[in-house]
Amino acid sequence: MTSTSTPPGLARFNALDQDTALAALHEACSSTAWARRLLAGRPYATTEDLFAASDAAMAELTAEDLREAMAGHPPIGRPKPGDPTSAREQSGMAGASDALKSEMLELNLAYQEKFGHVFLICATGRTGEQMRDAVKERIGNSPEQEREIVRTELGKINRIRLSRLVEEDARV
């Protein structure tokens with residue numbers, strides 16, 4: 001593919017200087033290893049190429065890299081104040097009842113106690129009840145099972161965030 005067929009938002013991302021691109025990628029995922037791998041793969045001809053690089057980088061993250069990536073995510077039901085990304089992604093909890101919010105807080109704490117990190121799920125498009133049911137189901141997993149589920153969920157989140165990053169009207 002030639003550069004003229006590269007979507008404008010992706011072309012803009014490809015053209016960013018290293019530091020600006022790294023900062024933009026850290027907004028998508030807090031893992032330095034993931035971000036550096038994506039930087040090394042530039043330029044990308046298509047968004048699918050970027051997604052494939054993201055998936056490959058996610059598959060290679062160590063347990064420590066995954067912890068770093070998860071550290072950038074607030075608990076479900078408590079988006080980062082002033083952060084429109086986490087508020088948008090967790091919008092399914094916005095209208096939840098006080099009882100559901102309280103139950104999620106308790107479940108988040110129990111999950112964090114067991115696994116040592118926040119409960120991570122691709123919350124986009126999910127209701128509060130769906131997220132509650134997922135944490136209830138996943139809390140019975142082994143740490144190894146949960147690490148791979150987290151890796152998959154992070155991959156989904158990264159694709160959504162990368163899509164927003166390279167949209168035509170995106171401004172970095």
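Asn 158 is buried in this predicted model. Its relative accessible area is 0%, which falls under the 20% cut-off for burial. The residue sits in helix H10, which spans residues 143-165. Leaving out residues up to four places away in sequence, Asn 158 touches Ala 28, Cys 29, Trp 34, Ser 54 and Met 58. Two of these names return below: Ala 28 belongs to the H2 side of the contact with H3, and Ser 54 belongs to the H4 side of the contact with H3.

Now take the opposite case. Glu 27 lies in helix H2, residues 18-28. Its relative accessibility is 64%, so Glu 27 counts as exposed. Ala 53 stands 26 residues from Glu 27 along the chain. The C-alpha atoms of Glu 27 and Ala 53 are separated by 17 Å.

Next comes the packing of helices. Two packed helices are described by the angle between their axes and the distance between the axes. Start with H2 and helix H3, residues 32-40. Their axes are 9 Å apart, at an angle of about 130°. H2 and H3 are therefore oblique to each other. The crossing of H2 past H3 is right-handed. On the H2 side, the contact involves Gln 18, Ala 21, Leu 22, Leu 25, His 26 and Ala 28. On the H3 side, it involves Thr 32, Trp 34, Ala 35, Arg 36, Leu 38 and Leu 39. Sorted by class, this contact has 8 nonpolar, 3 polar and 1 charged residues.

Follow the chain past H3. Pro 43 is placed in the loop between H3 and H4. The peptide bond joining Arg 42 and Pro 43 is cis, with omega about 0°.

Then H3 meets H4. Their axes come within 9 Å and cross at roughly 140°. That angle makes H3 oblique to H4. H3 passes H4 in a right-handed crossing. From H3, the contact draws on Trp 34, Arg 37 and Leu 38. From H4, it draws on Leu 50, Ala 53, Ser 54, Ala 56, Ala 57 and Met 58. These residues divide into 7 nonpolar, 1 polar and 1 charged.

H5 packs on H10, the helix that holds Asn 158. The axes of H5 and H10 come within 11 Å and cross at roughly 50°. Ala 63, Leu 66, Ala 69 and Met 70 in H5 meet Arg 147, Val 150, Arg 151 and Leu 154 in H10. By class, there are 6 nonpolar, no polar and 2 charged residues in this contact.

Which residues have the most contacts inside the largest nonpolar core? They are Phe 13, Leu 25 and Trp 34, in a core of 45 residues. Helices H1 (8-15), H2, H3, H4 (47-59), H5 (63-70), H8 (98-115), H9 (128-138) and H10 each supply at least two residues of this core.

Setting aside neighbours within four places in sequence, Leu 25 is in contact with Phe 13, Trp 34, Ala 35, Leu 38, Leu 39, Leu 162 and Leu 165.

How values were computed
Residues numbered from 1 in each chain as written. Predicted model: local features only at pLDDT ≥ 70, side-chain atom pairs only at ≥ 80, totals over all residues. Heavy atoms only, no water. Helix = DSSP H or I, 4+ residues; strand = E, 2+ residues; numbered from the N terminus. Buried < 20%, exposed > 50% of the residue type's maximum accessible area, 1.4 Å probe, protein only. Contact = heavy atoms within 4.5 Å. Axes fitted to C-alpha atoms, helices over the stretch in contact; angles between N-to-C directions. Parallel < 35°, antiparallel > 145°, perpendicular 65-115°, else oblique. Left-handed = near helix turned anticlockwise from the far one by under 90°. Nonpolar A, V, L, I, M, F, W, Y, C, P; charged D, E, K, R; others polar. Core = buried A, V, L, I, M, F, W, Y, C linked by side-chain atoms within 4.5 Å.
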